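This report goes through one protein structure, from its overall makeup to single residues. Please keep the sequence and the model in view while reading.

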Amino acid sequence: MTATDGTEAASATSSARRGISRTFIPLDAPLSWACSGRGWNCCTDKDIPLRPYDVQRLAEALDRPAQSLLDEGVITLEWDGYGILGGWLATRPYEETRTACVFYDEAVDAEGNRTTGLCNAHAGRPEACRGFPFQRYADWETHPDRTAMQISDCGSCALATRTTARDVMLDNDLESYWRASDAYAAVVQYLHKAGLANLGGSAYRRLPLAPDARLAFWTALFTHRGPYADALEATLDAADALIAASDLTPAELGGPGDAIPRPDVRALLDPARAVLPE
Ligand code: SF4
Ligand code: SF4
């Protein structure tokens, strides 16, 4: 594991990560696109973010404990500028000056030309990889006509087939990931207001917690074994216990505005909950 605690790490993280451009597109607009499966543009020169659910699904698919993936550096954890611990897939050197995902492999022909790509973690590939280059735009309620994001141009890698962003995303088993992302976002918001994030915000007050304890608190979200809902509930329970043990009230923690109620993560994870607009 490479995580540290503090704003220094957070700023280093934000400057080191490679950005991606985003284009908003209608969810059901006809597209001419199909994945070639080569991985030439999506598995190279990218930083793949991981939320706790990504790590859990990846670990299950690899039949390995998440902790061992952290210990071996396959996954790294880093604080972001908001004091939220995020995960990243490791990369390895690729060609002379490039990088590739640690799970990326490729076949070459007799002349050494690349013929196809291979994801060695395909069944457990994270949300960022599923449906690439399209991603759900979570604020679809305020932008009902712009409900998907195209985050990259597949360039010469893609094939030409008539489809839509909705079909591409739904073909990649993303709905459970979206529900998990929504539930995680609600938990993070709760932790933020509870004073368990906000490393860089002078307007926010934090629970007094030693750096090692703060790191362990967040890391537990990534290494929990068992149902994902239990991991989120355990985190909320731990947050409530820390608040109760402090001499601070919820109103004295966090930033401006009212304390938020504890989220109902099981409702957010309910498979019956729709996650795309009709
Ligand atoms: S078509 Fe796009 S998503 Fe598919 S392998 Fe190529 S770069 Fe990746
Ligand atoms: S996890 Fe698989 S699909 Fe995602 S970047 Fe790595 S090799 Fe590519």
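What share of the contacts in the protein with a separation of 6 or more comes from residues 24 or more positions apart? Such residues account for 74% of those contacts, a contact being two residues whose C-beta atoms, placed from the backbone, lie within 7 Å.

## Basis and overall makeup

The model is predicted: local features need pLDDT of at least 70 and side-chain atom pairs count only at pLDDT 80 or more, while totals for chains, interfaces and linings use all residues. Residues are numbered from 1 along each chain as its sequence is written, and chains are lettered from A and ligands numbered from 1 in the order in which they are written.

The secondary structure comes to eight helices and 12 strands. Helices (H or I, at least four residues) and strands (E, at least two) are DSSP runs, numbered from the N terminus. Of the 278 residues of the protein, 32% count as buried. A residue is buried if 20 or more other C-beta atoms lie within 10 Å of its own, exposed if 12 or fewer, and partly exposed in between, with C-beta atoms placed from the backbone.

## Helix 5 against helix 7

Helix 5 (residues 175-193) and helix 7 (residues 228-245) pack at an angle of about 5°, and their axes are 11 Å apart. Axes are lines fitted to C-alpha atoms, for helices over the stretch in contact, and angles run from 0 to 180 degrees between N-to-C directions. Helix 5 and helix 7 are therefore roughly parallel to each other (under 35 degrees; over 145 is roughly antiparallel, 65 to 115 roughly perpendicular and the rest oblique).

On the helix 5 side, the contact is made by Ala180, Ala183, Tyr184, Val187, Tyr190 and Leu191. Helix 7 contributes Tyr228, Leu232, Thr235, Leu236 and Ala239. The residues of this contact divide into 10 nonpolar, one polar and no charged. Here Ala, Val, Leu, Ile, Met, Phe, Trp, Tyr, Cys and Pro count as nonpolar, Asp, Glu, Lys and Arg as charged, and the others, Gly among them, as polar.

Ala186 is also found in helix 5 and counts as buried, because it has 20 C-beta neighbours inside 10 Å. Leaving aside residues up to four places away in sequence, Ala186 touches Pro263, Val265 and Leu268.

## Helix 6

Helix 6 (residues 211-223) has 13 residues and reaches 18 Å from its first C-alpha to its last, close to the 18 Å expected at 1.5 Å a residue. The expected span is 1.5 Å times one less than the number of residues.

Arg214, Trp218, Leu221, Phe222 and Thr223 of helix 6 are buried. Their cover includes helix 2 (52-62), helix 3 (66-71), strand 4 (75-79), strand 5 (85-89) and helix 7.

## Ligand surroundings

Around ligand 1 there are 13 residues, of which Cys35, Asn41, Cys42, Cys154 and Cys157 come nearest; a residue is near a molecule or strand if its C-beta atom, placed from the backbone, lies within 6 Å of it. This shell divides into eight nonpolar, four polar and one charged.

The residues around ligand 2 include Cys42, Cys43, Cys101, Cys119, Arg125 and Cys129. The shell of ligand 2 has 10 nonpolar residues, one polar and one charged.

## Two loop residues

Leu253 lies in the loop between helix 7 and helix 8 (265-268). Leu253 counts as buried because it has 21 C-beta neighbours inside 10 Å. The C-alpha atoms of Leu253 and Arg206 are 6.2 Å apart, although 47 residues separate them along the chain.

Ala29 lies in the loop between strand 1 (23-25) and strand 2 (31-34). With 13 C-beta neighbours inside 10 Å, Ala29 counts as partly exposed.
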